[in-house]
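Could you read the points below alongside the coordinates?

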Amino acid sequence: KNAGFNIRKKYINNFGILPPIIDEKIIKEKGLLAYSTRYLRTVQSAQCFLSGLYSTSERNPSTLYIPVQFHKKDSETLLPQKTKQRLELLNNILSSPEYEKEITLSLKPTLEHISNYYDVDISTLSVHRLHESLICRKSHSLYTPFSDEILNQLDELNKKILSFPYEKSKEFLDTSFSPFLYEIKDFFLDSIKLNKTGVVFYSAHDTTLHMIFHGLSLEIESWPTYASLLEIKLWRNENNNKCEDNKDKDKDK
């Protein structure tokens, strides 16, 4: 909700890009959309964010917000599709000598140290599940049996393991990221053609942001935390009517 309220201050109060109030007619005219994956936690995140976006104050969340939609299961763009092609590519990567050398053998000493010290069984395939569980507990101020140093090590291990397929196979990256990229491109082009504000909100996962960062060749400094926010903007240069990216114009994104 606070993230939505901060976006309201930026794009409604300061820039005047989004409409200050909404109804069904305004949502359609302005081209405002919201999508979530089919998980309760992402749906609730979307609803909280949109409620904050159209609240009058941080203490008065709105009950009227942009309706949250879902992609069809066979055309989901926020999570890489488990297609036969992608699964075959992933299997080839995980069984490759490079993966064995750079991931399995390289990370084995660290994983064995953590496993022995805390008496838990950790493998390269279980790092992400463990990391996700620990981050969730820490975010909600719950007890975690691991020190901050170990959590940081797991963060780096998780990032390295999940980044490997994207970095080693352009085909794997294309099959994962292209559906989302083309959806965004078509949305922007339609908004320009129809002269709409054109804003789409997505509520997804840390792995979604990880995929997008790799697809856009952005550096991943640390693993995305809860309530992380990524803004992708298309600006129009009024002098020559050409579109330009916003990498240097807005440093706070």
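The numbered points that follow go from the overall fold to the pocket, the charged pairs, the surface and the backbone.

1. Origin and overall fold. The model is predicted, and its secondary structure comes to nine helices and four strands. Followed along the sequence, these elements are arranged in the pattern α-α-β-α-α-α-α-α-α-β-α-β-β. The protein has 253 residues, and buried residues make up 38% of them.

2. The second largest pocket. This pocket has a volume of about 1,200 Å³, and of the 29 residues that line it, Pro80, Lys82, Arg86, His128 and Thr207 are the closest to its centre. Which helices each supply at least two residues of its lining? They are helix H4 (84-94), helix H6 (127-139), helix H7 (148-168) and helix H9 (206-215). Sorted by class, the lining consists of 13 nonpolar, seven polar and nine charged residues.

3. Side chains of opposite charge can pair when their charged atoms come close. With a side-chain nitrogen of Lys or Arg required to be within 4 Å of a carboxyl oxygen of Asp or Glu, the count comes to six salt bridges. One of them joins Lys10 to Glu231, whose closest N and O atoms are 3.5 Å apart. Because Lys10 belongs to helix H1 (residues 2-14) and Glu231 to the loop between H9 and S3, this pair ties together parts that are 221 residues apart in sequence. Lys10 and Glu231 are both buried, and together with Lys233 they are linked in a network of salt bridges.

4. A salt bridge between two helices. Lys138 forms a salt bridge with Asp148, and here the closest N and O atoms are 3.5 Å apart. Since Lys138 lies in helix H6 and Asp148 in helix H7, the pair ties together parts that are 10 residues apart in sequence. Lys138 counts as partly exposed, because its relative accessibility is 45%. Helices H6 and H7 are also among the helices that each supply at least two residues of the pocket lining described above.

5. A salt bridge within one helix. The side chains of Lys170 and Asp174 meet in a salt bridge, with an N to O distance of 2.9 Å. Why are these two residues separated by about one helical turn? They are four residues apart in helix H8 (residues 170-193), and this spacing is why the separation is about one helical turn. Lys170 is exposed, because its relative accessible area is 62%, whereas Asp174, with a relative accessible area of 34%, is partly exposed.

6. A nonpolar patch. On the surface, Leu181, Leu216, Leu218 and Ile232 form a nonpolar patch, and their accessible area together is about 290 Å². Ile232 is located in the loop between H9 and strand S3 (235-237), and it is partly exposed because its relative accessible area is 39%.

7. Backbone angles to check. Most residues other than glycine have a negative phi, and most peptide bonds are trans. Against that background, Asn195 has a positive phi of about 55° although it is not a glycine. Asn195 sits in the loop between H8 and strand S2 (199-203), and it counts as exposed because its relative accessibility is 71%. Ser217, also not a glycine, has a positive phi of about 55°. Its place is in the loop between H9 and S3, and with a relative accessible area of 66% Ser217 is exposed.

8. Two pairs of C-alpha atoms. Leu209 is found in helix H9 and, because its relative accessibility is 17%, counts as buried. The C-alpha atoms of Leu209 and Pro224 are separated by 7.2 Å, the two residues being 15 residues apart along the chain. Leu162, in helix H7, is partly exposed, with a relative accessible area of 25%. Between Leu162 and Val127 the C-alpha to C-alpha distance is 9.7 Å, while in sequence these residues are 35 residues apart.

Note on methods:
Residues numbered from 1 in each chain as written. Predicted model: local features only at pLDDT ≥ 70, side-chain atom pairs only at ≥ 80, totals over all residues. Heavy atoms only, no water. 1 Å grid on protein atoms, 1.4 Å probe; cavity = no way out; pocket = protein on both sides within 12 Å on 5 of 7 lines; lining within 4 Å. Points joined across faces, edges and corners; volume = space filled by probe spheres on them. Nonpolar A, V, L, I, M, F, W, Y, C, P; charged D, E, K, R; others polar. Patch = residues over 30% accessible without salt bridge, like charges linked within 9 Å, V, L, I, M, F, W, Y side chains within 5 Å. Areas by Shrake-Rupley, 256 points an atom, 1.4 Å probe, with all protein chains shown as cover. Buried < 20%, exposed > 50% of the residue type's maximum accessible area, 1.4 Å probe, protein only.
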